[in-house]
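Opening the notebook on a new chain today.

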Amino acid sequence: MTDLSYYRNIGIFAHVDAGKTTTTERILSLTGKIHKIGEVHDGEATTDFMDQERERGITIQSAATSCMWDDHRLNIIDTPGHVDFTIEVYRSLKVLDGGVGVFCGSGGVEPQSETNWRYANESEVARIIFVNKLDRLGADFYRVVGQVRDILGANALIMTLPIGTEDDFVGVVDLLTRKAWVWDDSGDPMKYQIEDVPADMADDVEKYREELVETVLEQDDEVMEKYLEGEEPDIDTLKRLIRKGTIALDFFPTYCGSAFKNKGVQNVLNAVVDYLPSPTEVKPQPEVDLEGNETGEYAIVDPDRPLRALAFKIMDDRYGALTFIRIYSGIIEKGTTVLNTATGKTERIGRIVEMHADSREELDKAQAGDIVAVLGMKNVQTGHTLCDPKNPATLEPMVFPDPVISIAIKPVDKSASEKMGVALGKMIAEDPSFHVETDEDSGETILKGMGELHLDIKIDILKRTHGVEVEVGKPQVAYRETITQRIEDSYTHKKQTGGSGQFGKIDYIIEPGETGSGFQFESKVTGGNVPREYWPAVESGFKSSMEQGVLAGFPTVDVSVTLMDGAYHAVDSSSMAFEIAAKNAYRQSMPKAGPQLLEPVMKVDVFTPEDHIGDVIGDLNRRRGMIKSQDPGPTGIRVKADVPLSEMFGYIGDLRTMTSGRGQFSMEFSHYMPCPKNIADEIIKEAAERAKEG
């Protein structure tokens with residue numbers, strides 16, 4: 001059995017363009033996993049293996065790889081930075097024990113870094129920080145550390161100081177050992193000298209080392225007392241306490257360097273081994289029952305316990321569907337049978353492979369703490385638990401956000417139509433934030449996703465990876481409908497034909513529900529006027545009707561229905577009669593309850609150079625945006641605003657034009673808001689025209 005204390009399951013995450021993938025490349029090179037370093041800007045990075053990633057120079061799906069450093073096994077996941085793919089970050093963090101947050105030395109804490117940091121906080125993942133790109137113009141390590149503390153509210157524990165800045169950046173000072181690591185200009189990460197601290201940095205080194213020691217000693221009162229009495233703690237004691245505080249999320253060891261220039265990456269690798277937790281040192285995963293309630297049991301990381309594994313990613317490649325799993329307890333062996341608690345069916349483990357981006361090594365078995373991929377799974381989806389059939393249990397599942405944007409697509413011919421169904425099936429399995437529906441009226445296929453770039457890349461994958469040519473409609477917004485007034489009403493469904501008829505009478509109240517409550521149903525019938533066995537039919541009739549609103553056919557949300565009274569017939573009443581009564585009651589009463597259209601509002605975070613701030617704010621106001629804040633930074637201003645999604649199409653092009661290509665933005669769904677009347681009227685009119693054509 002492998003000693004789990006030598007395992008580190010880590011993710012590398014950051015804002016788009018902060019240098020995550022480049023950092024991963026350097027780690028793989030230093031650990032001997034690859035011999036030629038691939039660059040993101042040349043489209044040759046190991047973990048960016050999709051055509052779309054290589055062309056755009058961004059990471060789209062998280063890639064898994066593993067390597068060895070100092071006798072420790074590192075399972076590394078390189079995650080995307082773009083906001084449309086945060087789902088990949090979220091699900092990767094869910095199965096990792098530690099992380100490396102990469103920040104750009106000149107860009108600092110950018111919008112996406114905040115989202116990723118928030119996800120990592122929610123998942124309680126221990127992290128170290130790497131301030132990258134210190135060779136860049138405008139890079140400032142101390143400013144970025146200040147932003148980490150102010151914007152993220154994170155206690156950055158400075159472990160290394162940069163020697164020189166921008167073009168003069170040559171290395172780092174390790175505060176623990178008071179030694180300088182200086183690299184030469186060859187770009188070879190192994191060509192460095194360990195020297196004494198440069199004389200002009202001696203005061204800074206002592207100042208920051210004292211801060212470091214005082215922060216760390218808060219982890220142990222006894223060592224703190226000795227220190228106050230004048231006894232300096234040794235390096236092993238300091239390392240032990242840094243590890244303790246890092247795992248407890250009290251602080252985040254912070255390093256600096258330039259991954260591209262191969263400077264400072266060794267220190268980060270050493271920190272991963274020294275301070276990030278092994279699988280046995282993190283909180284065990286809670287087990288839940290079929291309703292999702294915690295049972296009080298935990299999946300303890302131990303190869304001798306029953307199998308508990310979480311499928312966190314499905315990927316389709318030339319060998320078939322790969323299911324990525326994190327094993328929390330027990331052992332998984334080739335040829336054995338496991339139970340999928342979500343489907344209640346057993347699955348046979350075909351082949352087990354250890355992934356290195358898109359190449360693989362075959363394994364006979366894997367154990368608690370491992371992250372591996374399994375071939376041959378038929379019905380496993382993201383978030384499903386695989387376990388020992390004799391000892392079933394479910395791990396806490398993953399929750400994914402609903403898509404906010406949709407487009408219609410149509411295959412160009414019959415052969416494309418057949419291929420499209422298969423291709424979309426594979427793509428849905430891979431990405432839980434990507435939904436596909438068929439519009440029954442028009443017969444069109446509707447793709448739903450998290451943003452324009454998300455859907456753009458899905459179309460690209462359909463065309464190139466699966467060879468399916470499609471025509472694409474313009475993006476549509478996922479509107480919702482609700483009501484604003486309480487209404488009491490009654491409906492009788494009566495149908496008399498030869499033989500037994502149908503009869504169901506209901507008296508009910510329809511009223512607006514709490515925001516975010518969806519659909520609520522309650523029965524207050526007393527005395528058996530509507531027998532209890534018909535209540536679910538009434539609920540079902542209303543609930544299924546909510547899928548289509550009365551204004552423009554969008555789903556209705558935040559509505560509460562109370563069944564007050566009614567009547568039934570001993571012979572003619574049935575569940576079906578009461579369900580039909582409820583459906584007709586919905587159509588009868590909803591138009592009278594002040595129906596209202598709701599639109600999705602996005603939380604938009606724009607970065608712009610100072611000289612373009614007026615244009616950017618004026619443009620956001622024109623888009624019906626509500627400006628929330630403006631924060632000046634060293635290289636520009638960050639504007640936060642709430643803007644309706646319908647006004648944000650094509651924004652990236654407009655922003656680049658306004659800011660001479662220097663502006664950036666990210667957005668994520670925030671909430672639904674009532675739609676202004678003039679815009680609602682326009683949408684309702686369009687919906688009516690579509691219905692006529694359909």
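Helices (H or I, at least four residues) and strands (E, at least two) are DSSP runs numbered from the N terminus. On that basis I get 16 helices and 38 strands in the chain.

Housekeeping: this is a predicted model, where local features need pLDDT of at least 70 and side-chain atom pairs count only at pLDDT 80 or more, while totals for chains, interfaces and linings use all residues. Residues are numbered from 1 along each chain as its sequence is written, and side-chain values use heavy atoms, with hydrogens and water left out.

**Whole chain.** I looked up burial (buried is under 20% relative accessible area, exposed over 50%, partly exposed in between, with a 1.4 Å probe and protein chains only). Of the 694 residues, 54% count as buried. For contacts I use heavy atoms within 4.5 Å. Taking pairs at least 6 apart in sequence, 71% of the contacts join residues at least 24 apart.

**Helix 5.** Which residues of helix 5 are buried? I find Phe-141, Arg-143, Val-144, Val-145, Gln-147 and Val-148, within a helix that spans residues 141-151. The cover over them includes strand 4 (98-104), strand 5 (126-132), strand 6 (156-158), strand 7 (160-163) and strand 11 (252-256). At the start of helix 5, a side-chain oxygen of Asp-140 comes to within 3.1 Å of the backbone nitrogen of Tyr-142. That passes as a polar contact (N or O atoms within 3.5 Å, one able to donate a hydrogen and the other to accept it within protein; residues adjacent in sequence count only if both atoms are side-chain atoms). After the helix comes Gly-153, with a positive phi near 65°.

**Positive phi elsewhere.** Most residues other than glycine have a negative phi, so I went looking for exceptions. Arg-178 is one, at about 55°. Arg-178 sits in the loop between strand 8 (171-174) and strand 9 (179-183), and is partly exposed at 34% relative accessible area. Leu-249 also has a positive phi, near 65°. Leu-249 lies in the loop between helix 8 and strand 11 and is partly exposed at 27%.

**Arg-243.** Helix 8 covers residues 235-247. Leaving out residues up to four places away in sequence, Arg-243 touches Arg-8, Asp-274, Tyr-275 and Glu-281, among others.

Phe-578 belongs to helix 13 (residues 575-589) and is buried, with 0% relative accessibility. Lys-505 is 73 residues away in sequence, yet the C-alpha to C-alpha distance is 7.3 Å. Among the residues touching Phe-578 are Phe-503, Val-530, Tyr-534 and Tyr-568. Next I checked packing, with axes as lines fitted to C-alpha atoms, over the stretch in contact for helices, and angles from 0 to 180 degrees between N-to-C directions. Helix 12 (residues 535-545) and helix 13 pack at about 40°, axes 7 Å apart. Where they meet, helix 12 brings residues including Ala-537, Val-538 and Phe-542, and helix 13 brings residues including Phe-578, Ala-582 and Tyr-586.

**Helices 14 and 15.** Helix 14 (residues 613-622) packs on helix 15 (residues 651-658) at about 150°, with axes 10 Å apart. The two are therefore roughly antiparallel. The contact is made by Asp-615, Val-616, Asp-619 and Leu-620 of helix 14 with Tyr-651, Leu-655 and Met-658 of helix 15.

Conventions. Angles under 35 degrees count as roughly parallel, over 145 as roughly antiparallel, 65 to 115 as roughly perpendicular and the rest as oblique.
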